[in-house]
Amino acid sequence: MSENIFNKWRIGLEKTRKVAFGRISNLLGTSDLDETTWDDLEALLIQADLGVDVTLDVIDALKARVRDEGLTTTEELLTVLKAELISRLAEPQLLDYTTKPTVIILVGVNGSGKTTSAAKLARLLLDEGKSTLLVAADTYRAAAIDQLRVWAERVDVPMVAGQPGGDPGAAAFDGINAGIARQKDVVIIDTAGRLHTRYNLMEEIKKVHRVSGKALPGAPHATWLVLDATTGQNALQQAKAFQEAVAIDGVILAKLDSSAKGGMAFAIKTQLGLPIIYAGLGEHIADLQPFDREAFVQGIIDG
Ligand SMILES: Nc1nc2c(ncn2[C@@H]2O[C@H](COP(=O)(O)OP(=O)(O)OP(=O)(O)O)[C@@H](O)[C@H]2O)c(=O)[nH]1
Ligand SMILES: [Mg+2]
């Protein structure tokens, strides 16, 4: 990883590090291991928003390693803690983009970061030499279409939009066909934010998903759930509802930079069975980064 990208992670994770995980590296590293270490560590992991289940699982695994490997210092414990945390993050599954166009749908609750992530992703792909079309299937608000248009101009990627007030499924269908006609490598469909508890809206996202397959057999090639890292454990409940509606392939974890609750990332694999594909580390165009397990764990603990 380049120095530049590593810095992006380090700076982006400052809040999570300062508020939560930094206290773990303060606790561990100077003394011998004793019973209070375990209690303190457990409390800090819960405060870092790993959730009770993941925390207890990590503590059990660490106790077993301390016993089996004969560890005696908290410094050694910190090293195995990092390894245990990394092992609780799934290997990111990047798309191979062999299908042309590869269709990606972004879904999530209101304000999670879909529209900005769509644009940042388009830019990332453009930088890798892939031509991309952005599709605004958020037809509820004219402002939503305008927002994607502004971002599309900013990242210099073309964009097509559905009719304001029109059917989001039709917008996705037309968008994919435009991607085929223009021979784009990737089509990214931005959908409206929807509360996971609203039946009609969840039915609608099923339709967008289904209609995509009619426009191009095999599509969508990925449906990614955009989660707001600042919502912590609550994001997991939303995720489960989206998973019940459509097949979700992975997570874009947005707003990691403004979150002190980054620990929820460790529950995404165990509780949802999903990999994190990209992370949002800021509000700028270049702040969406392919998820990197080592950079993440190092960034929250060591800085
Ligand atoms: N700091 C920070 N802000 C982010 C990040 N991703 C998104 N945001 C901000 O979060 C806010 C909402 O982002 P949008 O992309 O509009 O969210 P959305 O999911 O499209 O929202 P709706 O379409 O209304 O559901 C904006 O102010 C973004 O700038 C991130 O990674 N870091
Ligand atoms: Mg949006």
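This report walks through a predicted model, from its sheet and ligand shell to a helix pair and some backbone details.

Eight of them form an open sheet with mixed pairing, in the order 3-2-4-1-5-6-7-8. At its edges sit strand 3 (159–161) and strand 8 (288–290), each of which pairs on one side only.

## Around ligand 1

Next, the ligand. Ligand 1 is surrounded by 21 residues, and the closest are G113, T115, T116, G193 and G280. Helix 6 (residues 114–127) gives the largest share of this shell, with 3 residues.

## Helix 1 against helix 12

A helix pair is worth a look too. In general, the packing of two helices is described by the angle between their axes and the distance between them. Here, the axes of helix 1 (residues 3–12) and helix 12 (residues 293–301) come within 8 Å and cross at roughly 45°. Angles under 35 degrees would count as roughly parallel, and 65 to 115 as roughly perpendicular; helix 1 and helix 12 are therefore oblique to each other. Their crossing is right-handed.

On the helix 1 side, F6, W9 and R10 make the contact, while helix 12 brings A295, F296 and G299. By class, the residues of this contact divide into 4 nonpolar, 1 polar and 1 charged.

## Backbone details to check

Finally, a few spots along the backbone. Two prolines follow cis peptide bonds: K100 is joined to P101 with omega at about -5°, and A219 to P220 with omega near -5°. P101 lies in the loop between helix 5 (74–87) and strand 1, whereas P220 lies in the loop between helix 9 (199–215) and strand 5 (222–228).

Where does Y97 lie? Y97 is found in the loop between helix 5 and strand 1, the loop that also holds P101. Although Y97 is not a glycine, its phi is positive, at about 55°.

Definitions and conventions:
Residues numbered from 1 in each chain as written. Chains lettered and ligands numbered in written order. Predicted model: local features only at pLDDT ≥ 70, side-chain atom pairs only at ≥ 80, totals over all residues. Pairing = 2+ DSSP bridges. Helix = DSSP H or I, 4+ residues; strand = E, 2+ residues; numbered from the N terminus. Near = placed C-beta within 6 Å. Axes fitted to C-alpha atoms, helices over the stretch in contact; angles between N-to-C directions. Parallel < 35°, antiparallel > 145°, perpendicular 65-115°, else oblique. Left-handed = near helix turned anticlockwise from the far one by under 90°. Contact = placed C-beta atoms within 7 Å. Nonpolar A, V, L, I, M, F, W, Y, C, P; charged D, E, K, R; others polar.
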